[in-house]
Amino acid sequence: MIEQLPILNLVLLLTTALMIPFTQKISFKTTKLVGFTVLLTVLVSTLFILLHVQSEGAFYYHLGGYPSTIGIEFYVSILSAFFTLFVIALGTLIYVYSTRDIEHDVYAQDYGRYYTLLFILLFSMLGIVYTNDLFNTYVFMEILSITTCSIISIKRSKKNYTAAFRYLMLNEVGSLSYLFGVALIYMVTGYLNIDLAAESIQQVWHLYPANIVIALGFMIIGVSIKAAIFPFHIWLPDAHSTAPSASSALLSSIVVKVYIIIMIKVLLRLIGIDILEALNIPVFLTIIAASGMLIGSIFALGQKDLKRMLGYSSIAQIGYIVLGISLMSSLGLTAALFHIVSHGMMKAALFLSAGAFIFLRNQRAINGFNGLGYQMPISMAVFSIAGLGMIGIPGTSGFISKFNLGVAILDANQWFLLVILIMSGVLNAMYYLPIMINAFLKDNPEKNRVMQFEKLPKVMLVPIVVLGLMIVLVGLFPNSIMSYIEAAVAMLLA
Amino acid sequence: MDDIILRTISRLIIPFIEIYGVFIILHGHVSPGGGFSGGAILGTSLILYTLVFGVEKAQKKFSHKVSDIAESGGILWFILIGLVGIFVTGYFLTNINAGFPIGEPGLLLSAGMIPLLMIGIGIKVASTMITLFHTVIEEAHHGSA
Amino acid sequence: MEVLKQIIENINYIGALALFVIGLYTVVTHSNLIKRIIGINIMGTGVFYFFVSIGNVVGGNPPIVDLDNGNLIYINPLPSGLILTGIVVVVSITVYSLSLVVRIYETYGTIDQDEIAKIIDQETFDD
């Protein structure tokens, strides 16, 4: 029965997306309740899958009962089980937040459409993480790219259209590059299944090195465009800053990470470390990761708009993840996967609390935060916790991921990367700390230094507080999720 | 567009286009074509109708209410057939093993569930094509007004 | 002579790559938004052409089972089937981006990227 749960999750999410136009005819409240119930069900079932995989080991699921040589196959390993749980858990929190925040950003006639898009988005992300088929990944990627662009352009303001258009064009260039890579792999191996293709590549890569190198180049560039890895990041600040706050949180904390998971799958499960090192790929990855870490932070320093600053900060943080991958060691991968989770939580907390400032005070400019900590104490506190996590202060999950990354770098004997890591941390502090200092220590224009009760609606406050607690809890007890990540890394490197 | 030649000719050929679309959908498993191509042809017939007679009249033939049901219904039908596989054999979208009759190869009634899936896809594609066209036209009207 | 033979044998791959590069060039360099969408479509055609030509078998028949003639050589139907999905995807991307262009034209009154950038700069300057 547990084996059926992955496909049933996908079917449930898709069916919900299709039923929303009808529930919306009854009332918006029905839609909200149906959506919440479905997300909770999926959350529980992903939890069951994770527990099952942990006790019984990974399993395959063949669609239509066809063998893996010709059919589509799901591979539910500890990696996919853990990351679907991560996607759905963050997705549920953001969903709860969005049910109120949507009133601020989206017209009333678009509520139903927004949630249809949201559920298809979650559906495609789950599909990407589960699937073990290269072409199937491409199809889910395209569904994901259309829905992400739509939840940006649904806000119907001037800037959203141009941001969504640019995002869509670059997304499509990325998808087609990926597909070209898949075509080259299929040409050499004759398989689209990742496991079978990987076996075949190990045997033939000496015969067709050019094909493998070109395919790898196309696939890495395609996924890099979508994951906003440094030289291909130009769409990210516009798209993430103009989108509705809940969408920005979703895009920055989950969607980008899903593309990184595709990258990990392609690099480690399809090609394998031996071939990557023979082709010198890790060096290139290290260079783009390191430059992304610095340049993203430097650009973030110059921003006047809070959400744009958070967008540039994402570019730097994605650099950390790619740096962890590029070390090609078990320590580096552990740090990278851990940072996916911890950055997901921190960026979601930052974007959601930034959305709260916009919702209540229409405050987007960074220099207008004086005394805001007294008016919105809870969301500003969570913003500060997440910001401190970004800097890497002990006690938050950000510290654990940076510490692990530092250990992995020292293990690989690349001291200059440690310098870049510390420099990037200092730059992070330079743009996160002033906001906190202004909010809690400076007077606001009305000279009103009395602590006020938070006026934010409860459905928006609860996800923010839960995220803040999760950041601290994971920071204090990292072993709770570290065991899953270490098992996943062991699976990837086996 | 009020042109008697266009109106007469399109009234004459639209039924044939629709029959051809249905033919392509139903023969998807024995000849080239299938749900997507047939659905596109079916959608084209109503797009022609819209071009000749205007959006208002076309909306009466194919309103948003119908398109909502057709679009969701097409995928739901697909999912439903897939779920039959789960309950019978334990795999989503199982064909022959789930008890769909295989029939005689080359005949119209063959290939198990594939014709059933094709009908769902055809409905979905046709209604999507028409809805997209209508929506773009409505938005353009709305914007200029 | 050897080179020429190589080119003729692999003409479909070269053509596919050429289409891909032409499309990419159009997407990246043109400022007209409609031309960019056309560029995406050319890129897509290049990739699809490449994928389909992988499945070609010299002297093969279309992959429709012919019950009278027994065992014929068929071309590989899998790439063609996959590319059908790819075409559907590119169609939907095209429709979505065209509807975005309609919106952009309504709000900015132009579909030229450079002019839109000028308008946005002007607005941020006025703020």
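How many residues does the contact take from chain A and from chain C? The contact takes 20 residues from chain A and 25 residues from chain C. The model described in this report is predicted.

## The contact of chain A with chain C

On the side of chain A that touches chain C, α5 (134-153) and α6 (158-189) each supply at least two residues. The greatest contribution to this side comes from α6(A), with 15 residues. By residue class, the side of chain A that touches chain C comprises 15 nonpolar, two polar and three charged residues.

## The contact of chain A with chain B

Chain A also meets chain B: eleven residues of chain A are in contact with 14 residues of chain B. Helix α1 (residues 5-26) of chain A gives the most to the side of chain A that touches chain B, with six residues. Six nonpolar and five polar residues make up that side of chain A, and no charged residue is present there.

## Overall form of chain A

Chain A contains 20 helices and two strands. Its radius of gyration is 22 Å, close to the 23 Å that the globule rule gives for 494 residues, so chain A is as compact as a globular protein of that length. The C-alpha trace of chain A spans about 75 × 60 × 45 Å along its principal axes.

Buried residues account for 60% of the 494 residues of chain A. Among the contacts in chain A with a separation of 6 or more, 79% are between residues 24 or more positions apart.

## Overall form of chain C

Chain C has five helices and zero strands, and from the N terminus on its elements run α-α-α-α-α. The radius of gyration of chain C is 21 Å, well over the 14 Å that the globule rule gives for 127 residues, so chain C is more spread out than a compact globule. Along the principal axes, the C-alpha atoms of chain C fill a box of roughly 75 × 40 × 15 Å.

Of the 127 residues in chain C, 24% are buried. Contacts between residues at least 24 apart make up 50% of those in chain C that join residues at least 6 apart in sequence.

In soluble globular proteins, nonpolar side chains tend to be buried together. In this model, the largest nonpolar core has 215 residues, of which V87(A), M125(A), V258(A), A348(A), A349(A), L467(A) and V47(C) touch the most other members. Helix α10 (residues 245-271) of chain A gives the most to this core, with 19 residues. Leaving out residues up to four places away in sequence, V87(A) touches M125(A), L126(A), V129(A), I254(A) and V258(A). A second, separate core of 19 residues includes I25(B), I41(B), L42(B) and I119(B).

Helix α4 (residues 111-130) of chain A has 20 residues, which at 1.5 Å a residue should span 28 Å; its end C-alpha atoms are 29 Å apart, which agrees. Of the 20 residues of α4(A), 17 are buried, and the helix is mostly covered.

Helix α16 (residues 377-391) of chain A has 15 residues and reaches 21 Å from its first C-alpha to its last, close to the 21 Å expected at 1.5 Å a residue. This helix is also mostly covered, with eleven of its 15 residues buried; among them are M380(A), F383(A), I385(A) and L388(A). The buried residues of α16(A) pack against α13 (306-326), α14 (330-361), α15 (372-375), α17 (397-411), α18 (415-441) and α19 (458-476) of chain A. After α16(A) comes G392(A), which has a positive phi, near 105 degrees.

## The strand pair of chain A

Strand β1 (residues 59-62) of chain A pairs with β2(A) in the antiparallel sense over four bridges. Within this pairing, Y60(A) stands opposite Y75(A) in β2(A). From strand β2 (residues 73-76) of chain A, E73(A) and Y75(A) point one way and F74(A) and V76(A) the other way, and all are buried.

## P115 of chain B

P115(B) is located in helix α5 (residues 114-144) of chain B. Is P115(B) buried or exposed? P115(B) counts as buried because it has 21 C-beta neighbours inside 10 Å, where the cut-off for burial is 20 or more.

Apart from its neighbours within four places in sequence, P115(B) is in contact with L26(B), G28(B) and H29(B). P115(B) and E18(B) are 97 residues apart in sequence, and their C-alpha atoms are 18 Å apart in space.

Notes:
Residues are numbered from 1 along each chain as its sequence is written. Chains are lettered from A and ligands numbered from 1 in the order in which they are written. This is a predicted model: local features need pLDDT of at least 70, side-chain atom pairs count only at pLDDT 80 or more; totals for chains, interfaces and linings use all residues. The radius of gyration is taken over C-alpha atoms; the globule rule is 2.2 Å times the number of residues to the power 0.38. A residue is buried if 20 or more other C-beta atoms lie within 10 Å of its own, exposed if 12 or fewer, and partly exposed in between; C-beta atoms are placed from the backbone. Two residues are in contact if their C-beta atoms, placed from the backbone, lie within 7 Å. The expected span of a helix is 1.5 Å times one less than its number of residues. Ala, Val, Leu, Ile, Met, Phe, Trp, Tyr, Cys and Pro count as nonpolar, Asp, Glu, Lys and Arg as charged, and the others, Gly among them, as polar. A nonpolar core is a set of buried Ala, Val, Leu, Ile, Met, Phe, Trp, Tyr and Cys residues joined through C-beta atoms within 7 Å. Two strands pair if DSSP finds at least two bridges between them.
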